[in-house]
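The sequence and structure come first.

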Amino acid sequence: GYSFTRDKEARVFTINKPKKSTIGVLVCFESIFPDFTSEMQRKGAEFFIIITNDDWWGNTAGYQQHFAYARLQAISNRRPVARAANTGISGFIDAWGQVLQKSTYQEKTTLTQKLYSPLYQSFFSQYEVLIRWFIIIIAVVFFSLGTLYTIL
């Protein structure tokens, strides 16, 4: 069966080898939630690891779109991403969204890459909640104005 739930709390983990680092681990579709990744960054995640099963997409644009979301998370949080996907696209993305390495669909391979993380929080991660509320308020205002205009 399928389970479409995500962890209630964004957790970060500390690893000690080869050097002490803090990572945010995202499982499958948790990687598409910007509030989740920005919370991980605020908790000290230096980079993100995404583990996913993209096999159920088949050879469609779905697995490519899922990889593109990883690029968005890297850009918005200014954190590099290491992504491991069975049958989908595995790869490494730097903190500015540049794809450093990637596999192809259904390619069996091993990739290695050194990742470097900026030590500052991105504007998006700092103000993600305010940005979200601003967008909601603007949408409500435009919807209300449009409704008012059609009534008059």
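How many residues does helix 3 have, and what does it reach from its first C-alpha to its last? In this predicted model, helix 3 has 29 residues and spans 40 Å between those two atoms, close to the 42 Å expected at 1.5 Å a residue.

**Aromatic pairs**

Helix 3 covers residues 123-151 and contains both Phe-123 and Tyr-127, which lie four residues apart, about one turn of the helix. An α-helix has 3.6 residues a turn, so residues three or four places apart point the same way.

The model has three aromatic pairs. In one of them, the ring centres of Trp-56 and Trp-57 are 4.7 Å apart with the planes at 25°, so this pair is stacked; the cut-off for stacking is under 30 degrees. Phe-123 and Tyr-127 form a tilted pair, 5.0 Å centre to centre with 50° between the planes.

Tyr-127, at 36%, is partly exposed. Trp-56 also counts as partly exposed, with a relative accessibility of 44%, and Trp-57 falls in that class at 29%.

**The largest pocket**

The largest pocket has a volume of about 380 Å³. Its lining comprises 18 residues, and those nearest the centre of the pocket are Lys-19, Ser-21, Phe-47, Lys-114 and Leu-115. Strand 2 (21-27) and strand 3 (47-53) each contribute at least two residues to this lining. Which classes of residue make up the lining of the largest pocket? It has 11 nonpolar, three polar and four charged residues.

**Positive phi angles**

| Residue | Phi | Loop | Relative accessibility |
|---|---|---|---|
| Thr-87 | about 65° | between strand 4 (81-86) and strand 5 (91-93) | 22% |
| Gln-106 | about 60° | between strand 6 (99-102) and helix 3 | 52% |

Thr-87 counts as partly exposed at 22%, whereas Gln-106 counts as exposed at 52%.

Terms used: Residues are numbered from 1 along each chain as its sequence is written. This is a predicted model: local features need pLDDT of at least 70, side-chain atom pairs count only at pLDDT 80 or more; totals for chains, interfaces and linings use all residues. Side-chain values use heavy atoms; hydrogens and water are left out. Rings of Phe, Tyr and Trp (its six-membered ring) pair if their centres lie within 6.5 Å; planes under 30 degrees apart count as stacked, over 60 as edge-to-face and the rest as tilted. Buried means under 20% relative accessible area, exposed over 50%, partly exposed in between (1.4 Å probe, protein chains only). The expected span of a helix is 1.5 Å times one less than its number of residues. On a 1 Å grid over the protein atoms alone, a cavity is a set of points where a 1.4 Å probe fits but cannot get out, and a pocket is an open set with protein on both sides within 12 Å along at least five of seven lines; lining residues have an atom within 4 Å of a point. Grid points are joined across faces, edges and corners, and a volume is the space filled by probe spheres set on the points. Ala, Val, Leu, Ile, Met, Phe, Trp, Tyr, Cys and Pro count as nonpolar, Asp, Glu, Lys and Arg as charged, and the others, Gly among them, as polar.
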